[in-house]
Amino acid sequence: MHTSYDFSNQVVLITGAASGFGELAAQRFAQAGAKLALSDINAEAVQAVADKIKTKGGEATAMGCDVSSNEQVKAFVSACVEHYGRLDIGINNAGISHPKKRLHQLDEAHWDQTNGVNQKGVFLCMKYELTQMVEQGAGVILNVASAAGLMGSPFLSLYASGKHGVVGLTKSAALEYGKMNIRVNAICPAFAKTPLVENSLKAAGGKSRENLMAGNPMKRLGEVEEIVQAMLWACSKDNSFMNGAVVPLDGGLAAS
Ligand code: NAI
């Protein structure tokens, strides 16, 4: 039994909603009464997530959107506002990793791709979400950063640099928009069992799963549900004075 939240009549936008945190967040916000605008680079898969929510009596729209494209993000946020008339909560969740290599073995293309999605993508989403929220005089933004946004990540330097960038965007916007009744926060998960992590463990093989668990203060991986419950709390109306917070959800990893 989880804490119950009430997001009735609130319009919640989620990027990267076809898989992992985004997919479960869409389901949980829908169960709490939210009206959802979902997007993902995988248009077919995000449509299936929206269809499933609608079958269960929820309200959801779905759209293909590559968050690294200015035009596509602008079109997605506009479509959300056109459909629902407002935007209350923006969850900027879409993200990717890159091959695990030493920094000097990574290329410009890795930089462009990883930071294009993880950092520029969050900037673009915030830009258009904030434009609408400033007009409304209210809003909540939750960026999905990472523990890699708080600490160095050997062999994932570009991922870490982009996630540090997300933390910088979050804190700066919190200072700019707090007085406009807009809260901007970030969560910093680590190693929860989403396809992103499961695929990289599969690719690494060997004892990578055991090693990852052994390196965490809680000696386990995170559950997707644990991250999504924190998303609900972070965005809820009762959590009304949290602004500019960067919250680790990592079993204590970033505390070391
Ligand atoms: P996932 O791979 O299960 O889901 C990510 C979703 O983003 C996928 O549906 C994918 O199609 C979509 N996506 C990828 N590129 C996109 C683009 N250019 N435009 C729009 N959508 C795109 O991954 P997961 O784990 O759910 O990741 C969600 C967020 O959480 C990411 O920002 C990731 O960096 C972050 N994160 C995840 C951690 C974990 O333990 N799983 C740890 C720390 C951060």
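**View 1. The lining of the largest pocket in this predicted model draws on several helices and a strand.** At least two lining residues come from each of α1 (20-31), β2, α4, α5 (157-177), α6 (195-204) and α7 (208-214), and α6 gives the most, with seven residues. The pocket has a volume of about 1,300 Å³, and among the 49 residues that line it, Ile96, Ser97, Tyr159, Leu196 and Val197 lie nearest its centre. By residue class, the lining of this largest pocket divides into 27 nonpolar, 18 polar and four charged residues.

**View 2. The second largest pocket holds about 330 Å³ of space.** Its lining is made of 17 residues, of which Gly139, Val140, Asn181, Arg183 and Ser240 lie nearest the centre, while the strands β5 (139-144) and β6 (182-189) each supply at least two lining residues. Six of the residues lining the second largest pocket are nonpolar, seven are polar and four are charged.

**View 3. Helix α3 (residues 70-84) has 15 residues.** Its buried residues are Val73, Phe76, Val77, Cys80 and Tyr84; seen down the axis of α3, these fall within an arc of 90°, so they line one face of the helix. An α-helix has 3.6 residues a turn, so residues three or four places apart point the same way. The buried residues of α3 pack against β1, β2 (35-40), β3 (59-64) and α4 (108-136), whereas Glu71 and Glu82, on the other side of α3, are exposed. After α3 comes Gly85, with a positive phi near 85°.

**View 4. Gln10 lies in the segment before β1 (11-14).** Gln10 counts as buried because its relative accessibility is 9%, under the 20% cut-off. Leaving aside residues up to four places away in sequence, Gln10 touches Ala34, Lys35, Asp88, Ile89 and Lys237.

How values were computed
Residues are numbered from 1 along each chain as its sequence is written. This is a predicted model: local features need pLDDT of at least 70, side-chain atom pairs count only at pLDDT 80 or more; totals for chains, interfaces and linings use all residues. Side-chain values use heavy atoms; hydrogens and water are left out. Helices (H or I, at least four residues) and strands (E, at least two) are DSSP runs, numbered from the N terminus. Buried means under 20% relative accessible area, exposed over 50%, partly exposed in between (1.4 Å probe, protein chains only). Contact means heavy atoms within 4.5 Å. The expected span of a helix is 1.5 Å times one less than its number of residues. The arc is that of the directions from the helix axis to the C-beta atoms. On a 1 Å grid over the protein atoms alone, a cavity is a set of points where a 1.4 Å probe fits but cannot get out, and a pocket is an open set with protein on both sides within 12 Å along at least five of seven lines; lining residues have an atom within 4 Å of a point. Grid points are joined across faces, edges and corners, and a volume is the space filled by probe spheres set on the points. Ala, Val, Leu, Ile, Met, Phe, Trp, Tyr, Cys and Pro count as nonpolar, Asp, Glu, Lys and Arg as charged, and the others, Gly among them, as polar.
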